Amino acid sequence: MNAPRTLAERIRGGDRRALARAITAVENESAEAASIRAALAAYIGHARVVGVTGPPGAGKSTLVNALVKELVARERRVAVIAVDPSSPITGGAVLGDRVRMGEMQGHDAVFIRSLASRGHLGGLSRTAAQVIDVLDAAGFDDVIVETVGAGQSEVEIAKVAPTRLVVCPPGLGDDVQAIKAGILEIADVFVVNKGDLPDAARTESELHAMLALRRDADHPPVLKTVATTGEGVAALADWLAARVQPGPRAASVAGANSGDAAALLERLIARDAYARHLGLEMVAAGEGTATVRMRVRPEHINFWNTCHGGAIFSLADTALGLACNSYGTVAALIDSHMTFSVAVKAGELLTARAEEVSRTRKLGVYRMEVRREDGVLVASLTGTVYRTGKPLPGEA
Amino acid sequence: MRIGGDVMAEHRPPKIIVTKIGFDGHDRGSRVVAAYLRDAGMEVVYTPPWQEIAAVVKLATEEDADVIGVSSLATDHLLVPKLMAALRVAALDDVQVIVGGIVPPKDQRMLIAAGVARVFHPGASLEAIADTVRALAATRRTQLEGSI
Amino acid sequence: MNKPIVKPMARTEFEQGERRWQAAFDASPGARSDAANRSGIEVKPLYTPQDWSGERYLEALGFPGEYPNTRGIYPSMHRGRSWTQRQLIGLGVPEDYNARLKELLAHGATAVSLIPCNSVFRGYDADEVPEELLGTCGTVVNTVDDMERALADIPLEKISCALNDPSPFTLLALVLAVARRRGIAWTKITGTSNQSDCISHYVANHMFFRLALQGARRVLTDHIAFCNAQVPGWNPLSVVGQHMQQAGATPAESMAFTLASAIQYAEDCQARGMDPDHFLPRVTFFFDISVSFFEEIAKFRAARRLWARIARERFGAKDPKAWRFKFHAQSSGVDLTRQQPLNNIARVAVQAMAGIFGGLQSLHTDSYDEVVSVPTAEAARVAVATQNILREEAHLTDVIDPLGGSYYVETLTDQMQEKIESIIARIDAAGGMYKAVEQGLVQRMIGDSAFAAQQRIERGEQTVVGVNAYQTDEDPDAYAVLEYPQRERIAAQVTRLRAYKAQRSNAAAAKALDALARAAQGTENVMARVVEAAEAGATHGEICACLRRELGFGQPLAVV
């Protein structure tokens with residue numbers, strides 16, 4: 001008689017309904033959201049996240065369909081998040097992007113979810129980053145995030161997607177200006193879709209001309225596609241494959257400063273000699289949260305041939321330290337309580353996730369859970385930190 | 001930053017799929033309903049006509065929809081029992097289904113017996129449809145509360 | 001209420017009379033002076049020679065049969081030859097259709113009209129679809145044998161045929177194959193490829209939309225060229241306003257979109273090297289007639305005038321036949337109600353009258369139970385009788401354009417024309433109808449009008465008897481509902497299809513389908529190959545599947 005599967009097992013095992021329900025909980029920050037995110041935390045970091053944005057009429061959905069088709073042909077499992085705007089007045093939304101996608105909607109290797117922006121500005125929804133995490137943890141090779149972007153403010157996609165594709169319709173003419181500055185700056189690649197139309201060549205050269213005016217040496221390429229026939233899509237998929245993903249995925253917490261916090265914590269952990277010494281790796285970071293991993297090595301083993309409690313404490317404490325210092329000011333642990341539940345053997349991969357329980361001007365309380373690869377809780381740490389308010393050394 | 005809790009609960013609109021299965025291609029009714037439900041604050045996944053039943057089931061699964069609204073003219077409503085069966089097979093019994101369009105009285109009884117929550121006829125008020133969707137969504141969420 | 005600003009003393013007797021009337025009107029209890037029709041044109045309580053006077057007769061109206069045809073496209077109109085009573089029918093299997101057709105012809109209908117089963121509209125053979133959907137709304141016709149049975153004993157060379165047959169026009173191909181078998185020359189075949197207009201199916205009533213838009217566009221032009229050459233008595237192009245109006249477009253919008261579509265098709269033909277004097281006479285139109293009586297009459301009169309001008313000036317046609325706006329019209333099912341269905345008989349009579357006064361060439365009147373289910377035989381008879389009564393008891397055919405010269409109708413005709421022209425200008429600005437619909441512009445306009453109409457009804461601003469006014473409690477089961485075709489007959493039809501596929505020469509059919517595919521890949525006339533494929537035994541579903549592979553499956557744009 002098989003033991004009932006855990007949520008992580010069900011989701012990673014292909015239970016699409018469980019996956020969808022988990023997304024709903026995380027999307028809506030329901031009571032279960034925190035434990036779901038904790039259960040999946042260990043599995044985050046493998047997916048390639050690609051943002052697709054551009055003005056309306058560019059044929060984004062058709063292009064995404066064609067790209068998904070190409071990726072599936074390369075035996076990748078692909079998830080798509082389509083973000084549609086909610087009405088600021090009524091709060092309702094028509095989630096129309098995914099249905100415009102076409103035949104890949106029906107494919108088994110593909111999972112598509114629509115999110116309404118629900119008043120959130122910037123092009124995404126408040127919890128889009130967490131939804132990406134869930135799909136990442138579910139085991140998809142690619143997570144494509146499609147959103148409308150034409151104005152200067154719809155650049156939030158940059159915070160969640162290390163690779164950004166900006167789709168341009170041909171015939172923009174001098175409305176290459178229509179793609180406002182912000183969007184142009186975040187693009188890692190431009191795709192001129194409907195490439196068979198007469199205006200496509202002109203748009204392509206106008207983009208090149210505009211890019212030549214930019215000061216940075218790194219010019220993103222301009223590719224041409226005809227999404228309806230698939231022309232140029234293989235080249236786009238090749239470009240994606242060749243592209244090196246910068247660093248571990250950041251920003252699994254919604255919040256305007258998540259991107260900044262993540263960058264800060266990357267710098268901090270890079271300077272932590274002790275963390276390096278133990279072999280700790282930060283896999284996620286944001287405001288008030290951090291996730292750190294450790295493979296139990298021979299030098300961590302005690303005289304019972306299990307992992308030394310101190311090593312486990314150091315792992316959890318490092319996550320705590322990152323989480324409470326993510327605001328840019330010094331916070332130091334003053335009191336903590338550690339509980340050990342299960343002995344850990346050599347070779348196991350442990351993940352510690354820190355979440356903020358409360359925070360005032362002077363104090364903060366954090367809770368850390370350390371879990372094994374199979375999701376079992378190995379240890380819990382609760383800590384109180386004192387916030388000095390002073391800027392972090394080396395970060396002034 | 002607080003974690004969890006029902007901070008967003010009251011901001012979570014009902015989610016409904018408005019679709020057509022079978023052959024008919026008239027979408028005036030479904031479009032007007034979709035627009036109205038959006039303006040009534042709901043999240044609407046609006047599909048083109050001729051959706052395969054398997055596609056609707058996949059859509060309902062992935063989107064975690066509360067309600068499926070099937071717009072039917074001609075005799076497409078005769079396919080709805082197949083949709084109900086497919087939803088059960090996919091363990092989506094909790095998803096509520098409503099049908100709108102031209103449905104003869106005898107067929108209406110058959111649809112209700114097959115598990116359809118409500119059948120709307122031409123002339124039905126948009127407000128009544130919206131109220132029904134809200135109520136069905138609320139029932140489903142209460143039913144599912146806390147479970148994945 | 002428009003009170004004139006203090007004017008100097010009324011100079012003429014007319015002005016005095018007008019003022020007296022206005023004062024008396026304003027004082028009358030309940031007198032409303034604000035009203036607008038469905039196209040948004042304000043309707044006054046009274047129209048006088050100040051609004052339109054007979055001095056404009058020659059420039060604005062002319063005589064029937066003469067440019068700009070406002071009063072009618074023929075000199076004699078219905079006084080010479082009544083409109084064609086073309087009742088749409090289609091049910092079940094071909095034998096059932098044949099029987100109902102003969103019945104209707106005996107009761108006064110003068111032409112054939114075939115509505116195929118929805119499965120046929122969707123481009124499938126009977127063995128490819130769920131059986132419960134077969135034969136419930138139209139006739140299942142997939143092969144030459146089916147068409148032979150459907151038209152048994154019908155003299156094709158004498159009776160005009162309207163086929164509801166969208167791109168790639170397989171039903172026409174089957175009819176031509178039957179004609180060939182019977183030894184009837186194609187030059188003797190008359191009729192219309194009803195609803196051959198691909199743009200309107202992309203926009204509304206998508207059931208007819210089989211091939212991707214640009215593919216359908218090419219096949220349509222091939223079809224027009226083929227028919228003009230080989231079946232000269234056939235109208236290959238029927239441009240449809242009905243679907244858009246039923247989808248919610250106002251009468252002015254639906255006419256504008258239809259004319260804009262016709263302009264695109266004519267441009268494609270011209271680009272192909274066809275002569276407008278040759279192809280324009282074979283263009284027909286198909287419209288909805290709503291219950292907004294005067295508005296519909298004005299819509300049709302304005303369209304006649306506009307089309308004559310477009311044909312002559314925009315396309316340079318010189319033959320007066322090319323300027324004629326020929327149309328078939330159908331009473332609007334959207335105005336009919338499920339509640340108190342017998343009221344629909346009155347509605348249909350009013351709609352029919354509007355069409356007749358509007359100068360149509362052929363008319364279909366809906367059955368009163370259309371909204372409840374597929375019409376019963378008895379209801380279909382009442383619909384035909386309605387036309388007979390209008391013609392033979394009310395004598396509506398005695399006078400050509402009897403409302404011509406009416407101050408109201410002429411003013412309204414001018415106003416409708418202006419509105420239609422402004423919408424056409426908007427479409428032109430978007431680059432023509434194809435571009436406008438690919439961008440969703442037309443769909444959004446229609447959606448907005450539909451939504452606005454629904455709101456008016458829900459708020460009670462627009463009355464619908466039995467629905468938001470004069471309601472009664474009634475038992476919806478009280479009206480007879482047509483039974484669906486017997487399952488055994490449908491099952492037998494499917495069996496027959498399988499037998500057909502087994503006994504025909506599969507090699508011949510396959511070869512013809514190959515040729516069809518190659519034609520689609522190149523520039524040969526696709527329609528010619530469609531007809532050859534039908535004659536070689538290929539089925540309707542096979543032909544559609546072949547062209548969908550080559551030219552794309554037609555998916556309409558989902559716009560909310």
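How far does helix H13 of chain C reach from its first C-alpha to its last? Helix H13 of chain C, residues 293-314, has 22 residues and reaches 31 Å, close to the 32 Å expected at 1.5 Å a residue. The expected span is 1.5 Å times one less than the number of residues in the helix. Helices here are DSSP runs of H or I with at least four residues, strands are runs of E with at least two, and both are numbered from the N terminus.

Before I go further, a word on conventions. This is a predicted model, in which local features need pLDDT of at least 70 and side-chain atom pairs count only at pLDDT 80 or more, while totals for chains, interfaces and linings use all residues. Residues are numbered from 1 along each chain as its sequence is written, and chains are lettered from A and ligands numbered from 1 in the order in which they are written.

The model scores ipTM 0.91 and pTM 0.80. For chain C the mean pLDDT is 91, and 95% of its residues reach 70 or more; pLDDT is the predictor's confidence in each residue, from 0 to 100. Where pLDDT is low, the predicted coordinates should not be read in detail.

Let me return to chain C. H13(C) is mostly covered, with 16 of its 22 residues buried. A residue is buried if 20 or more other C-beta atoms lie within 10 Å of its own, exposed if 12 or fewer, and partly exposed in between, with C-beta atoms placed from the backbone. After H13(C) comes Gly316(C), whose phi is positive, near 70 degrees.

Another helix of chain C, H16 (residues 407-429), holds Met416(C). Why does Met416(C) count as buried? Met416(C) is buried because 28 other C-beta atoms lie within 10 Å. Leaving aside neighbours within four places in sequence, Met416(C) is in contact with several residues, including Ala298(C), Lys299(C) and Ala302(C). Contact means that the C-beta atoms of two residues, placed from the backbone, lie within 7 Å.

I turn now to the backbone. Most residues other than glycine have a negative phi, and most peptide bonds are trans. In chain C, a cis peptide bond joins Tyr67(C) and Pro68(C), with omega about 0 degrees. Pro68(C) lies in the loop between helix H2 (57-61) and helix H3 (77-80) of chain C. A cis peptide bond also joins Ser167(C) and Pro168(C), with omega about 10 degrees. Pro168(C) is in the loop between strand E3 (161-164) and helix H7 (170-182) of chain C.

Asp153(C) has a positive phi, near 65 degrees, and sits in the loop between helix H6 (144-150) and E3 of chain C. Is Asp153(C) buried or exposed? Asp153(C) is exposed, as 7 other C-beta atoms lie within 10 Å. In chain B, Trp50(B) has a positive phi near 65 degrees and lies in the loop between E2 and H2. Trp50(B) is buried, with 21 other C-beta atoms within 10 Å.

Next, the contact between chains A and B. It takes 33 residues from chain B and 38 residues from chain A. On the side of chain B that touches chain A, helix H1 (28-39), strand E2 (43-46) and helix H2 (53-63) each supply at least two residues. The largest share of that side, five residues, comes from H2(B). Strand E3 of chain A, residues 93-94, and E2(B) run parallel and are joined by two bridges. Within this pairing, Ala93(A) stands opposite Glu43(B). Two strands pair if DSSP finds at least two bridges between them.

Finally, chain A itself. Its secondary structure comes to twelve helices and 14 strands, and of its 396 residues, 52% count as buried. Strand E10 (residues 289-295) and strand E12 (residues 349-359) of chain A pair in the antiparallel sense over seven bridges. Val292(A) stands opposite Ala352(A) in E12(A). E12(A) also pairs with strand E13 (residues 363-371) of chain A, in the antiparallel sense over eight bridges. Here the bridge partner of Arg353(A) is Glu369(A) in E13(A). A hairpin joins E12(A) to E13(A) through three residues.
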